[in-house]
Amino acid sequence: MNTRTSQVGDRLRHSIHIGGVYASRQPTAIHTVLGSCISVCLRDPITCVGGMNHFMLPQGHGDDGDSTRYGINAMELLINECMKAGAERSRLEAKVFGGGHVLQIQETADNVPKRNIQFACQFLQTERIHVVGRDVGGYDARKILFLTDSGKTLLKRLPREDTTTLQAMRQRELSALRSLPKREIMPEDDNITLF
């Protein structure tokens, strides 16, 4: 399951994982934990409609029923969900998070985190969606809490000592990566170590 919703005070709280996409007109706090994956938060500042996705690779075959774990599909669906909730595409603003080197991935010009970051930035530029904030790359996992009504984002870098949260995040990412054909993870050479 990629999403979970609960009520916290006046605001919905929605949690997403790999392949999750969620948008709402109602004030919502959308939460996720990222390693090498990317989350893009979109918001229309006039209608206060906002949403978030969580994807692990830029593109793939997606014929397994979970195509939103690929950025190309997760981005299109997020834009569409925001528009269905009342956002105007031309007013969408973006924040981009993730792409950390946390899975023993060799640092090359074409590894998973770097490809994810490049894809997200290029997609948003191509679609003319203004990026108002970003925190990508590095070696830390991140907890993200996006407030759809205000557009504020709370980011917490996870210390390497937070083994419980980091192990759960790594396990989700590794399980998802292991389920993919090798050609989707490594376009030209073996640049990822699965353990």
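Visitor: In what order do the 5 strands of the open sheet stand?

Guide: Strands are DSSP runs of E with at least two residues, helices are runs of H or I with at least four, and both are numbered from the N terminus. Two strands pair if DSSP finds at least two bridges between them. Here the order of the open sheet is 3-6-5-7-8, with mixed pairing. Strand 3 and strand 8 (130-136) are at the edges with a single partner strand each, so one side of each has no neighbour in the sheet. On average, neighbouring strands of this sheet are turned by 10° against each other, direction ignored.

Visitor: What kind of model is this?

Guide: The model is predicted: local features need pLDDT of at least 70 and side-chain atom pairs count only at pLDDT 80 or more, while totals for chains, interfaces and linings use all residues. Residues are numbered from 1 along each chain as its sequence is written, and side-chain values use heavy atoms, with hydrogens and water left out.

Visitor: How many helices and strands does the protein have, and what pattern do they follow?

Guide: The protein has 4 helices and 10 strands. Along the sequence the pattern is β-β-β-β-β-β-α-β-α-β-β-β-α-α.

Visitor: Which strands are joined to strand 6 by bridges, and in which sense do they run?

Guide: Strand 3 (residues 21-24) is joined to strand 6 by 4 bridges, and the two run antiparallel. Within that pairing, Y22 has M52 as its bridge partner. Strand 5 (residues 38-44) is also antiparallel to strand 6, again with 4 bridges; there R43 has G50 as its partner.

Visitor: Is strand 6 buried or exposed?

Guide: Buried means under 20% relative accessible area, exposed means over 50%, and partly exposed lies in between, for a 1.4 Å probe and protein chains only. In strand 6 (residues 49-53), 5 of the 5 residues are buried, so the strand is largely enclosed by the rest of the structure. In a regular strand, side chains alternate between the two faces of the sheet. Both faces are covered in strand 6: V49, G51 and N53 are buried on one side, and G50 and M52 are buried on the other. For the protein, 50% of the 195 residues count as buried.

Visitor: Where does C48 lie, and what is its phi?

Guide: C48 is in the loop between strand 5 and strand 6. The phi of C48 is near 60°, which is positive in a residue other than glycine. The hairpin of these strands has 4 residues between them. C48 is partly exposed, at 25% relative accessible area. R128 also has a positive phi near 60° and is not a glycine. R128 is in the loop between helix 2 and strand 8, and with a relative accessibility of 76% it counts as exposed.

Visitor: In which sense do strand 7 and strand 8 pair?

Guide: Strand 7 (residues 93-98) and strand 8 are parallel, joined over 6 bridges. G98 is opposite V136 of strand 8. Helix 2 packs on the sheet and touches strand 5, strand 7 and strand 8, and its direction makes about 20° with that of strand 5. Such angles are taken between N-to-C directions and run from 0 to 180 degrees, with axes as lines fitted to C-alpha atoms, for helices over the stretch in contact.

Visitor: At what angle do the axes of helix 1 and helix 2 cross?

Guide: The axes of helix 1 (residues 71-84) and helix 2 (residues 112-126) cross at roughly 40° and come within 11 Å. Angles under 35 degrees are roughly parallel, over 145 roughly antiparallel, 65 to 115 roughly perpendicular, and the rest oblique. The two helices are therefore oblique to each other. A crossing is right-handed if the near helix is turned clockwise from the far one by less than a right angle, and left-handed if anticlockwise. Helix 1 passes helix 2 in the right-handed way. Contact means heavy atoms within 4.5 Å. G71, I72, M75, E76 and I79 of helix 1 meet F119, F123 and L124 of helix 2.

Visitor: Which residues does L77 touch, not counting those up to four places away in sequence?

Guide: L77, in helix 1, touches V21 and T68 on that count. The C-alpha atoms of L77 and Y22 are 9.0 Å apart, across 55 residues of chain. L77 is partly exposed, at 31% relative accessible area. N80 also lies in helix 1, and its C-alpha atom is separated by 9.2 Å from that of A23, 57 residues apart along the chain.
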